Structure formats: structure tokens, C-alpha cells
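Here are my notes on the model you sent over. Have the structure open while you read, and check the points against it.

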Amino acid sequence: MKADLHTHSIYSHDSIARPESILAAAADRGISVLAITDHDTTAGWQAFTDIAHQFPVQLVYGQEIKIYYNKRCMGEILGLFLEQPVKSHDVAGVLQEIRKQNGIASIAHPFSERRHEFLAYTEIDSWENLAIESRNGRTYKQRENEMAAGLAERLNTPITAGSDAHTPFEVGNVYTEFMGKNTEDLKKAILNRETIAGGHPSSALFSVISGFGRLGIAV
């Protein structure tokens, strides 16, 4: 099965994708599991839940959280399999909140020069249930994704992969492949290091298009 573990809806300030458009795109492209990972908010969870029964797509509730140190952004972490919002913005607090929910944390696009390269490795107290996003659909330089995959291999961490879609047109372009039938199987596959990153990054043009989300445009 294929899971897209990094997507943004209109509940992120820089996305134009409505929940129904994201779910329809996922179904059309053979994505069986979709993670909702809006920026620093879980406001979209209910909207997705209300319409998910209309599509053959299972949901993973998540959030993309910015990490700060002395007011400087040090990168972003994906919280996956969450039950409630993550409120912290420092590494220790974020990881603690995710672990308390029995979720999985994944370092998002760790080497992306254009979008919050991860700079807080020394703040990580434990790598338990901590994954690395080894392929990201909005990391346009192949070398940056290769470096992420290489880091995961060297550290022997679990991996996730996702489109980082901010438009419906990007959903499923990058995905996490796993053996199983449901979200529980996916979670086990991640933790057991039995996932494979697939797909290819989207066109950089979509980064421009999704910017219209700041003007309230949605599709």
C-alpha cells in the first residue's frame, strides 16, 4: 500500500487545497493512507473526518511543527499518529508530547536549503520512535533527498516519505510504501524499518501556485 505522510490543506496558511480535493486526488492516485500535517495546527482534522467516508482513503492525524531556539527556526518535525495538538516548539517538548501520544516523530526535509534545514540534532535526547523523512516532494534538489536517505541509513532510523503537497495536484507524487491493510500496519512498518520511499518531487511551479492560499484562494 501507499501512504502520503506529508500534506497541507487550506488550514495551512500557504495551501490552496481543500480537504475534499486532497482526498479525491489521493484516491485517484492510489494513495490508501493520507496524513494531515498542517503547519502548527490540527484545525483541519474534523473537516477531513467528516468526509473521509466518501473516499477509499484512511487518515493519519498529524501536524508539522516548527522548532525554535532563541527565536530562530531550527527546522520542522512531523508529528504522526497524533490524538491531540502538539503545543511545544522546542525539540525536547515536541518529542515528549508526541511520545506521550504514542505517535511517531519524523524530521521533515532535513537538508532542504530553501525550507528550514534541520539544525537541532544536538537537542535530541533520544532517537526512540524518531524517524527521518527520507524523501520530500517539495525538496527539488535530488542531492538533498539523497542526503536525507543517507542520514537515515547511517543512523538506522525509520523513514517516512510524503509529497508535502500544498495543492491537490501534488498529492501522492512522493509516498511511503508498506505491506499491510491499515494505519496500524503502517505504524508498525515504520517502526520496524519496513517502509520504502517512492515517487518523485513535484514541479517547483506548485510552490508559486500554492502561495495564492495566502489570498484565500482554494481549489
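The points below go through the cavity, the elements around it, and then the open sheet.

1. Bear in mind that this is a predicted model.

2. Which residues line the largest cavity? They are Leu95, Ile98, Arg99, Gly103, Ala105, Glu128, Asn129 and Leu130. By class that makes four nonpolar, two polar and two charged residues. Helix 3 (residues 91–100) gives the largest share of the lining, with three residues.

3. Helix 3 deserves a look of its own. Its buried residues are Val91, Gly93, Val94, Leu95, Glu97 and Ile98; note that a glutamate, Glu97, is on that list. In an α-helix, residues three or four places apart point the same way, because there are 3.6 residues a turn. The cover over the buried residues of helix 3 includes strand 4 (63–69), strand 5, strand 6 and strand 7. Just after the helix, Asn102 takes a positive phi of about 60°.

4. Is strand 6 (residues 104–107) covered on one face or on both? Both: Ile104 and Ser106 are buried on one side, and Ala105 and Ile107 are buried on the other. Ala105 also belongs to the cavity lining.

5. For landmarks, look for Leu80 opposite Ile104 and Ser106 opposite Ala131.

6. Five strands make it up, in the order 3-2-1-9-10, with mixed pairing. Strand 3 (58–61) and strand 10 (196–199) are the edges, each pairing on one side only. From one strand to the next the twist averages 30°.

7. At the strand 3 end, strand 2 (residues 33–36) runs parallel to strand 3 and is joined to it by four bridges. Ile36 has Tyr61 in strand 3 as its bridge partner. What packs on this sheet? Helix 5 (residues 183–191) does, touching strand 1 (2–7), strand 2, strand 3 and strand 9 (174–177). The direction of helix 5 makes about 50° with that of strand 3.

Key: Residues are numbered from 1 along each chain as its sequence is written. This is a predicted model: local features need pLDDT of at least 70, side-chain atom pairs count only at pLDDT 80 or more; totals for chains, interfaces and linings use all residues. Side-chain values use heavy atoms; hydrogens and water are left out. On a 1 Å grid over the protein atoms alone, a cavity is a set of points where a 1.4 Å probe fits but cannot get out, and a pocket is an open set with protein on both sides within 12 Å along at least five of seven lines; lining residues have an atom within 4 Å of a point. Helices (H or I, at least four residues) and strands (E, at least two) are DSSP runs, numbered from the N terminus. Ala, Val, Leu, Ile, Met, Phe, Trp, Tyr, Cys and Pro count as nonpolar, Asp, Glu, Lys and Arg as charged, and the others, Gly among them, as polar. Buried means under 20% relative accessible area, exposed over 50%, partly exposed in between (1.4 Å probe, protein chains only). Two strands pair if DSSP finds at least two bridges between them. Contact means heavy atoms within 4.5 Å. Axes are lines fitted to C-alpha atoms, for helices over the stretch in contact, and angles run from 0 to 180 degrees between N-to-C directions.
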